[in-house]
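Me: I would like to learn how to read a protein model. Could you take me through some features, one at a time?

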Amino acid sequence: MMVVFPSEEWFQEVRQAYNSDQGLHSGGGGACDTTAGFKVGEYWYFIEFEGLECGQVRQCTEQDLEATDFILEMPLETWQAMLMDVQANGKASSNLTLNSIDLEFEDGIARSPIDDQYRQDLFYRYNQNFQDFFDASSLVETTFESQA
Amino acid sequence: MADKPSGKAASVDREAKLVDPTQGIPEPSYSWRGLTNEWGVKVLPGAHGLRLGDVNVGSYGEVPDYWADQTRRPRGSVGRPGIPPLPYSLRSKHELWADCAADLYEEAIQRRWIPATEVPWDSLEVLPVDIEKAVCQMCTELSQCANTELEIITYWQDRMSYGYFEVKQYLATATFDCARQQEVLRKRALSNGGGLGIESRGRVNRIILESSGGWTEAVVYLYLLRGTYITRLLSGLLSAAHNEAEVFIYSHMLEDHARHLTYGYDHLKYASSHGKDATLIMQTLLAVGEGHMAAELNEGVVSTAMAIIFGGGIEGARTHGMERYLLLVRDFITDYLAICQELGIEREKTLHPVFKRYLENE
C-alpha cells in the first residue's frame, strides 16, 4: 500500500514497521523515553518514544508541541531528500542522516520549544533512535506530496 | 588421598557436630532489628520499571544542602556512632549536584553497548592511507580525552559525600563509558591496517587534570569547554564515517558523550544558582581555559586530521576539508557561548581573540 509523505498515515505505518522489528533498533541500543515534534512543511507531528518502542505518533498543532523535549524542523525538500534516500538505500546515506543535516544548518535542526538546553540535548542522546525510526520508512512504500 | 572416616566413626562424628552447632559462636544479638529511620516503604515499579529516582520517597528522598556525615552510611539508614571519618571533602550539594543524575544513571545502564560483538567490524574496508592515518590520529586524540575524563572523574568521585549517591552512581557509569570509548577507539585504530598515531600535547587535558579547586572547576573545563568541542568532533566524524563500523562507533560515542554533557551542564546550572559567586568564578576559569583551548585548536594535528577526513584526502583537505573543519570550530564556539549565556556566565565581551577569529570565519 502506497502512503503519502507527509501524512499521519505515513507516520503510523513507519511506527508499525519500527516497532515490529527489534533489529531496526540497533543504532539506539536501548530504552528511549522522550517526546518530540516534527515540522514538515506546513504540518506538525507529535511523537513519543517509550522504552524500546515508538508509543505514538500523530498529526497535531504547533501548540501541542510546547511540552515536547525538542522539535526537529527542516524544509520539506530536506525531509523528502532524506526519505527518498532511505527509500533508495534502505537507510539514510551518511550525508543525509539527521546528524549530518543538523550540521548543515547554521542553527541546527533541533530546538527546544521552551528554550531548555537540557531537553534539547535529548536530540543528541537519542539521535540514533530517531534515525532508526526514519530508516524504518524504507519498509513503507512511500510517495511524496509533490508526486501525489 | 586422605582417609575418610567410614561407617560408624563418621556417624558419631556427625552426631557430635549436631550436639552443639553454635559452639564457639558468640550469643547472637538481634538488637539491630527495628533500628530504622523509616519502615513500611513500598515503592511499586512504574511503566519504566523501578528506577533509582523512583525510590527517592519520604526521608529517603531528602537530599540536604550539606551532608555532614563523613562515613559511607547509605542515605536514609541509621548512623552508627564511632565510625571513623572518610576523606569526603565535597559535602555541599552545590559542589556536585545535578537533578538529572538518577535518570542519567538509568539511561546509561539501559543504553550500554559492547564494542567486541556489536560493532560490525567486518564492515571495515581498506581506506586510502592518508585517510586511515587521519582516522587513527583522531582515535589517538579522542582516546586521550576519554582517559582524562575517566581520571578526573575518579579523582573527585572518591571525595564526594555518600549523601549524594545519585551523582556518584551516575559518574560510575560515565567512567565506564570512558573506558569503553578508549577500548573502541583503540580497536578501530588497530583493526584496519593502521595503528595509533602521535600523542597529543595535552594542554587541555592537563588543565582538566590539574583543576584542583573542586569538581565544579573540573566540570567547567571538562564539559563546558572541551566537552562541547568534542560533541562537534564526534558529529563531524559520524557525518563522514567511512563504513558501518565507524557509524556505530561514533553514533554511540556521541550519545554517551551527550549524556555526559547533560550532567555537566545541569551541574553547572545548579552550581551557578546555589554557589556563592559561582558564575564569576566560572568566568575567570574560562578566561584561562580558553587560552589553552585556543592554543590546542591552533596546534594543527586535529585540524588537519579532520580536514583530511572531511576532504577525502590531502588534496581535499586543503580546500573544502579545512573549510568544513573551520565551520565545525565556529559551531563549537557558538554552542559554547550559548551555554555560557544560559548559565549566566559572561564570555562574549572578553572572548579569547583566537575564539573570536574562528567565530568570524564564514
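Reply: Start with contact, which means heavy atoms within 4.5 Å. Helices (H or I, at least four residues) and strands (E, at least two) are DSSP runs, numbered from the N terminus. This is a predicted model, where local features need pLDDT of at least 70, side-chain atom pairs count only at pLDDT 80 or more, and totals for chains, interfaces and linings use all residues. Residues are numbered from 1 along each chain as its sequence is written, chains are lettered from A and ligands numbered from 1 in the order in which they are written, and side-chain values use heavy atoms, with hydrogens and water left out.

Me: Which residues of α4(B) meet α7(B)?

Reply: From α4(B) come Met138(B), Leu142(B), Cys145(B), Thr148(B), Glu149(B), Ile152(B), Ile153(B) and Trp156(B). They meet Trp215(B), Ala218(B), Leu222(B), Tyr223(B), Arg226(B), Ile230(B), Leu233(B), Leu234(B) and Leu237(B) in α7(B). Now sort them by class. Ala, Val, Leu, Ile, Met, Phe, Trp, Tyr, Cys and Pro count as nonpolar, Asp, Glu, Lys and Arg as charged, and the others, Gly among them, as polar. This contact has 14 nonpolar, one polar and two charged residues.

Me: At what angle do the axes of α4(B) and α7(B) cross?

Reply: Axes are lines fitted to C-alpha atoms, for helices over the stretch in contact, and angles run from 0 to 180 degrees between N-to-C directions. Helix α4(B) spans residues 129-157. Its axis and that of α7(B) cross at roughly 155° and come within 11 Å. Angles under 35 degrees count as roughly parallel, over 145 as roughly antiparallel, 65 to 115 as roughly perpendicular and the rest as oblique. So α4(B) and α7(B) are roughly antiparallel.

Me: Is the crossing of α4(B) and α5(B) left-handed or right-handed?

Reply: A crossing is left-handed if the near helix is turned anticlockwise from the far one by less than a right angle, and right-handed if clockwise. The crossing of α4(B) and α5(B) is left-handed. α4(B) also passes α7(B) in a left-handed crossing. Helix α5(B), residues 165-189, packs on α4(B) at about 160°, with the axes 8 Å apart. That pair is therefore roughly antiparallel.

Me: How do α9(B) and α12(B) pack?

Reply: Their angle is about 55°, and their axes are 8 Å apart. That makes α9(B) oblique to α12(B). Glu290(B), Met293(B), Ala294(B), Leu297(B) and Asn298(B) of α9(B) touch Val354(B), Phe355(B), Arg357(B) and Tyr358(B) of α12(B).

Me: Now pockets. What is the volume of the largest pocket?

Reply: Work on a 1 Å grid over the protein atoms alone. A pocket is an open set of points where a 1.4 Å probe fits, with protein on both sides within 12 Å along at least five of seven lines; lining residues have an atom within 4 Å of a point. Grid points are joined across faces, edges and corners, and a volume is the space filled by probe spheres set on the points. The largest pocket holds about 790 Å³. It has 30 lining residues, and the closest to its centre are Gln117(A), Gln120(A), Thr334(B), Asp335(B) and Ala338(B). α11(B) gives the most to this lining, with eight residues. By class, the lining has eight nonpolar, nine polar and 13 charged residues.

Me: Where is the cis peptide bond?

Reply: In a cis peptide bond, look at omega. Here omega is about 0° for the bond that joins Phe5(A) and Pro6(A). Pro6(A) sits in the loop between β1 and α1 of chain A.
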